[in-house]
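Open the structure and turn it slowly while you read.

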Amino acid sequence: MTEDSCDVFVIGGGPAGSTVAALLAERGFHVVLAEKDRHPRFHIGESLLPLNMPLLDRLGVRDQVETIAMHKYAAEFNSPQHERIVTFDFGLAWDRSYPLAYQVKRSEFDQILFDHCVAKGAQAMQECKVTAVELKGRDGAQVKTRAADGAEQSWDARFLVDASGRDTFLAGQLGIKKKNSKHNSAALYSHFEGAQRLPGRAEGNISIFWFEHGWFWFIPLKDGVTSVGAVCWPYYLKTRRTDPSTFLLDTIALCPALAARMEGSKILQAAMATGNYSYESRHMVGDGYILLGDAYAFVDPVFSSGVLLAMTSAFLGADLIEAQLRTPARAPALIRNYNRTMRHGVKNFSWFIYRMTSPAMRALFMNPQNHFRMQDAVLSLLAGDLFRGTPIYRSLRVFKTLYYVFSLFMLKQCVTAWLRRRRAIRDEGEISMTGSRA
Ligand SMILES: Cc1cc2nc3c(=O)[nH]c(=O)nc-3n(C[C@H](O)[C@H](O)[C@H](O)COP(=O)(O)OP(=O)(O)OC[C@H]3O[C@@H](n4cnc5c(N)ncnc54)[C@H](O)[C@@H]3O)c2cc1C
């Protein structure tokens, strides 16, 4: 085994890892990043939020991302219980500075971010898996890697970044990962060609379709490809008796409004599934290490918040790491800010995520009202505008109060939905998606 050293070692070359590696390499640190896969590789998480835009600008990759992206100006909501379709236009949010977002193939997006960190001077290795970490308190960490050819290497790092995504490398090792006791769902998804998009400027908008067992996303990507996925209660995925792709197509057929948009389309790759994904780590910063993005927490994809949270954590994390290594007296305040900001982001999205399948929430989304600027505030949340001090919280509180009032008026349906949700949260079983269950 060869031995080497660096200032900062980053586990994972997804959006969080590549972003923090670029920012720190640019500031003169010797950054080493290990990515177990090779880019371009498939990854789920294709719909970005408007507040990703300033981050792409600050990183200096917006022009490159523009070449691979569809423009998303709005999110469209479809409910079988309501006659009309409702569109939430980002251009009408509280602060209208960011009226659009991107839809991207993650294979291309992640490649851009990865190449960017290399261009900034990070030593980034692909098909190189981190196999072991020994934390050494304020002295950083000893990291072991294994390359595709089996070569093993040991790295002495002054600071360790875990950006390993849902693999949650460090949280797993430290035993600090806890299952979300308030949420549990699973997703089944694939890429399609020939799905019917919305007309004109709305072509790149995301569509959300509620159905009996959860909800669907319809994300138009460049080159005519559309990402379609069902986020369901785990019990539903366990009813599968066919191969995953047939099951996805059968599930789409349960939602007539989506089925109409998918008529004549062709599935491009075998459907994939992800389950048991709602978790949080007990802490996100320790002596000599930090957890970024999904390596810290993930709740649910409904508001497309994952990449925004991952990149936000990378920007804040870079400042914190720089302070820790160069001006330690500044670090405690930045650590407090990191903890506060990331918890604030997860908490605000979570309140809506937990209630998304409630009949009261659906009624509110399908009948938007702008009294007390409630709709502006909800739009800002949907745009990811949670970290700039935009004053949306009083209006969000009014929206939340209205949600509870609606719940009382729809008590029977809401209690039924709540009981169903509680059963789903208690559902511990693994979801297998390999082969046929026939
Ligand atoms: C079904 C579903 C749909 C989603 N839809 C959206 C969406 O529309 N929009 C959105 O913003 N988010 C979405 N997300 C969330 C999004 O996928 C993540 O939040 C985002 O990718 C997090 O970025 P990250 O950099 O933290 O982790 P990742 O993107 O997962 O990157 C982690 C990287 O670490 C590497 N790695 C892991 N372990 C090791 C190791 N031991 N050694 C070396 N490398 C390692 C992995 O190969 C990976 O490349 C969705 C998630 C799910 C489950």
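Begin at Ser358, which caps the N-terminal end of helix H11: a side-chain oxygen of Ser358 lies 3.1 Å from the backbone nitrogen of Ala360. That is a polar contact, meaning a pair of N or O atoms within 3.5 Å; within protein, one must be able to donate a hydrogen and the other to accept it, and residues adjacent in sequence count only if both atoms are side-chain atoms. Helices (H or I, at least four residues) and strands (E, at least two) are DSSP runs, numbered from the N terminus.

Before we go on, a word on what you are looking at. This is a predicted model, in which local features need pLDDT of at least 70 and side-chain atom pairs count only at pLDDT 80 or more, while totals for chains, interfaces and linings use all residues. Residues are numbered from 1 along each chain as its sequence is written, and side-chain values use heavy atoms, with hydrogens and water left out.

Now follow helix H11 (residues 359–366), which is mostly covered: eight of its eight residues are buried. Here buried means under 20% relative accessible area, exposed means over 50%, and partly exposed lies in between (1.4 Å probe, protein chains only). Among the buried residues of H11 are Arg362, Leu364 and Phe365.

Which residues is Phe365 in contact with, leaving aside its neighbours within four places in sequence? They are Phe77, Val86, Phe88, Trp210, Phe303, Phe352, Met356, Val378, Leu382 and Phe399. Contact means heavy atoms within 4.5 Å.

In soluble globular proteins, nonpolar side chains tend to be buried together. A nonpolar core is a set of buried Ala, Val, Leu, Ile, Met, Phe, Trp, Tyr and Cys residues joined through side-chain atoms within 4.5 Å. The largest one here has 129 residues, and Phe9, Phe77, Phe109, Val161, Phe352 and Phe365 touch the most other members. Helix H9 (residues 306–326) gives the most to this core, with twelve residues. Apart from it lies another core, of 20 residues, among them Phe192, Phe216, Val228 and Cys255.

Next, look at the rings. Those of Phe, Tyr and Trp (its six-membered ring) pair if their centres lie within 6.5 Å; planes under 30 degrees apart count as stacked, over 60 as edge-to-face and the rest as tilted. By this rule the count comes to 19 aromatic pairs. One of them joins Phe211 and Tyr236 edge-to-face, at 6.4 Å centre to centre with 85° between the planes. Phe211 lies in strand E13 (residues 206–211) and Tyr236 in helix H6 (residues 234–237), so the pair ties together parts that are 25 residues apart in sequence. Phe211 is buried at a relative accessible area of 4%, and Tyr236 is buried at 7%. Trp351 and Phe352 also form an edge-to-face pair, 5.1 Å centre to centre and with 70° between the planes. Of these two, Trp351 has a relative accessible area of 13% and Phe352 has 1%. Both belong to one aromatic cluster, whose members include Phe77, Phe365 and Tyr404.

From Phe211 you can walk into the strands. Two strands pair if DSSP finds at least two bridges between them. Five bridges join E13 to E14, which run antiparallel, and the bridge partner of Phe211 in E14 is Gly214. These two strands form a hairpin with two residues between them. Seven of the seven residues of strand E14 (residues 214–220) are buried, so this strand is largely enclosed by the rest of the structure. On E14 goes to another partner: seven bridges join it to strand E15 (residues 225–232), again antiparallel. In the hairpin of E14 and E15, with four residues between the strands, Asp223 takes a positive phi near 65°.

Within that pairing, Phe218 stands opposite Val228 in E15. Arg261 lies over the face of Phe218, at 4.2 Å from the ring centre. A charge sits over a ring if NZ of Lys or CZ of Arg is within 6 Å of the ring centre and within 35 degrees of the ring normal. Elsewhere, the charged end of Arg201 sits over the ring of Tyr73, 3.7 Å from its centre.
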